[in-house]
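These are my notes from an afternoon with one structure. I put down each thing I looked up, in the order in which I looked.

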Amino acid sequence: MKWRKFLSIAGFAALFCMLAVSVQAKTFVYCSEGSPEGFTPALYTSGTTFDATAKTIYDQLAMFERGGTKVLPGLATSWDVSADGKVYTFHLRKGVDFHTTKYFTPTRQFNADDVLFSFNRQFDKNHPYHKISGGSYEYFSGMSMGTLIKSIEKKDDYTVVFTLNKPESPFIANMAMAFASIHSAEYADNMMKAGTPEEFDQKPIGTGPFQFVSYQKDSAIRYKAFDKYWQGRAKIDKLVFSITPDASVRYAKLKAGECHLMPYPNPADIAAMKKDPNINLMEKEGLNVGYLAFNTKKVPFTKVKVRQALSMAINKQAIIDAVFQGAGKIAKNPIPPTIWSYNDKVKDYPYDIAKAKKLLAEAGYPNGFETDIWAMPVQRPYNPNARRMAEVIQEDWSKVGVKAKIISYEWGEYLKRSMNGEHSTVLLGWTGDNGDPDNFLAVLLGCDAVGSSNRAEWCYKPFDDLIMKAKQVSDIKERTKLYEKAQVIFKEQAPWVTIAHSIVFEPMSKKVVGYKIDPFGQHIFYGVDLK
Amino acid sequence: MIHFFLKRFSHVFPAFIGVTLLTFSLIHLIPGDPVELRAGERGIDPARHAAMKAEMGLDKPLYVQYFRYIGGVLKGDLGKSFVTKKPILEEFFTLFPATLELSICAMIFAVLVGLPAGVIAGVKRGTVFDHTVMGASLTGYSMPIFWWGLLMILFFSVHLGWTPVSGRLSALFWIDTDTGFMLIDTLRSSEPGAFKSAVSHLILPSIVLGTIPLAVIARMTRSSMLEVLKEDYVRTAKAKGLSSWRVIMVHALRNAMIPVITVIGLQTGVLMAGAILTETIFAWPGVGKWILESINRRDYPAIQGGILIIATIIIFVNLGVDILYGIINPRIRYTS
């Protein structure tokens, strides 16, 4: 009888505890700005998709330090690089579980087969999954991985060897990017056998801190904390992405307590957010640069003195005040200060109309000339209002006799025409992918990028030699020296006017603790808690 | 009646061909290359660009693309989205219940408020009530939806805290959406409070979306009532000593309803157009928001398919209205 009583009390106690736990379940609501295109990051390029997948559901071989750009071990515990810089051997982490969901129960833990599957799907055109879900791997090809990788081999269950065609130091940083997320090969096989390979990309399975529960198109994505996550269970129990495309509505939801964190606030709302006692407004310099590129293949921008003169004729502080409304910082280098190898010793061109006039006269243009300024039709993180920026520059240049006409096209057309070099000067910018200086200097200013992302059409051998050498050296100190020198040359040659690095704002409820702004602009919820 | 129906039905095909042609040409007239947009600042090498265009079927001449598209449509295949790579029909019908649910609620709101307001304003012509209804309906008709929606959110959701800001259901409810109609799904779920949450999420968007149809219905009902009330048969009915309630509701309103039903039919199109803005403001996961996003991404199959399906729905709703006339008013049936 006593036992019965004891059991019933224990039963009630257990029930009470369960109820208490369920009541206390912490649900974190993130008012995201859009819908993911799908759930396999390698197939897509948008940050919205990466937020919903790469750092929630999946892990990568290497990982960026939370809130920083430093590369740390992820699903690989370590890696060795051969002396010639062409062979990367990854030693994989043991004891890592994949998510168990309603639609998949893994029978084994993470191993080399999963790494091979994840990369071969993108790399090998004959891979059974290559053509599934459209089969377009824009990031993989955009980062030139297809031409860079020679082979991927499994040495044993916990060792994978990547052999490259040429040395490429940023390779490790690339391995931490969203497209390099690791999928379950076992799940892929199951889906293929079931005749539903497309489902693999819609119902994701990963090793990440949150496991996918459901997605209601354009409405919400639901995740729950993965109990067996190898770095330890997330502090929040449930994570919801409440898809809210309009920034004003996101702000209203944050104020009404319907979400805990929102991205991309309207610049006009920042002042009110700062004053709001219930909102914590975090800010950080973005990993980006906004610039004006001179078309160095077109006269008169073939002359260095003209480029230098026009660099001096722009009042950058006025741009920061008028266009960024304070949410930006003057840029003097083509890489943001948060990236290693940023050369702080470089001196920016001062705003000096008299000297600019003198330089123009020396270059043979004492009375100035006529040109154009291309202004983007869209708002980007590195340039909140290109039209306004172009107007400020137009006004500044008129003081040195340069008459500029502002030109704009539809965004796709703008990108295409500027890539073809139809412009004289063009406003554009860049947000870093992997925190490596190469991702700015080679991608935007290297000779290989002329005709594509090098909008200045600038191919300058002394600069290019330095950045090409830096790609081949794995010692970070040596690379830093090379990039520092490259930045000095860049400044002397002035193919761009570096305008600004924007400041990223993340408004959140005061209940949120432990959130860190990601320099790459992603939104990461592992390590975040609610009080 | 069959002849009448067939004649009306024969008008559907030219309208359908017109819609496909118009959407197709308009999309291709908008500047912008879907491949370039996807590549962004990074740019894309010409070979990859050409390959992607070929994958999307954009490398062929426009007339070939059009006939391919029409061929697909006739087989019931609207193509796949450039972005999600999913079939358009699947994408559309995943989202359509949300738009339908919102449109039905908005229309119910518009009819329930607009019709009685119009009738009373017509009967009590020249009174304060009449002037108020007319003034309010003119304001409602002229109201920019985007601004109106934000105003409602700020007042009712942020300031008073009575209604949720946006979405279809609170993030705290995790229910299966089998039918896509949130009111039905929440009723079927065992989660207490979910239905109430779904209803509260519907209130503001329904009011915002229903405002313009409400204004049009109220004004049309009023003017139609005024005309009918002057008719001989209304005078006869009154002379017979029928109660004024019966005269208005049975003799006048039934005849006054014909133009009102036309307007309600036409308002289906207005609702669909309004849904694009309403859904964007209220983060309502319906087809309106989806089409807007598809336009921004130059997702041609999604824009073409989405507009085609919506246009088909509007065409059939109007066909239904035409047929309904014939039922309500036999004179229309015989004269046509």
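In which sense do strand 5 and strand 7 of chain A pair, and over how many bridges? I found that strand 5 (residues 87-92) and strand 7 (residues 159-164) of chain A pair in the antiparallel sense, over 5 bridges. Two strands pair if DSSP finds at least two bridges between them. Helices (H or I, at least four residues) and strands (E, at least two) are DSSP runs, numbered from the N terminus.

**Entry: what kind of model this is**

I noted that this is a predicted model, in which local features need pLDDT of at least 70, side-chain atom pairs count only at pLDDT 80 or more, and totals for chains, interfaces and linings use all residues. Residues are numbered from 1 along each chain as its sequence is written, while chains are lettered from A and ligands numbered from 1 in the order in which they are written. The pLDDT is the predictor's confidence in each residue, from 0 to 100.

Chain A averages a pLDDT of 91, and 95% of its residues score at least 70. Over residues 12-23 of chain A the pLDDT is below 50, and beyond near neighbours in sequence this stretch has 0 contacts in the model. Two residues are in contact if their C-beta atoms, placed from the backbone, lie within 7 Å. For chain B I wrote down an average pLDDT of 86, with 97% of the residues at 70 or above. The model scores ipTM 0.77 and pTM 0.83.

Val87(A) has Thr163(A) in strand 7 of chain A as its bridge partner. Axes are lines fitted to C-alpha atoms, for helices over the stretch in contact, and angles run from 0 to 180 degrees between N-to-C directions.

**Entry: a second sheet**

Another open sheet of chain A has 4 strands in the order 1-10-9-8, and its pairing is mixed. Strand 1 and strand 8 of chain A are at the edges with a single partner strand each, so one side of each has no neighbour in the sheet. The twist from one strand to the next averages 20°. Strand 9 and strand 10 of chain A run antiparallel and are joined by 5 bridges. Arg222(A) stands opposite Val240(A) in strand 10 of chain A.

**Entry: two helices**

Helix 17 (residues 461-472) and helix 18 (residues 476-493) of chain A pack at about 160°, with their axes 9 Å apart. That angle makes the two helices of chain A roughly antiparallel (angles under 35 degrees count as roughly parallel, over 145 as roughly antiparallel, 65 to 115 as roughly perpendicular and the rest as oblique).

**Entry: where the chains meet**

The contact takes 43 residues from chain A and 42 residues from chain B. Helix 15 of chain A gives the most to the side of chain A that touches chain B, with 6 residues. By class, that side of chain A has 15 nonpolar, 16 polar and 12 charged residues. Ala, Val, Leu, Ile, Met, Phe, Trp, Tyr, Cys and Pro count as nonpolar, Asp, Glu, Lys and Arg as charged, and the others, Gly among them, as polar.
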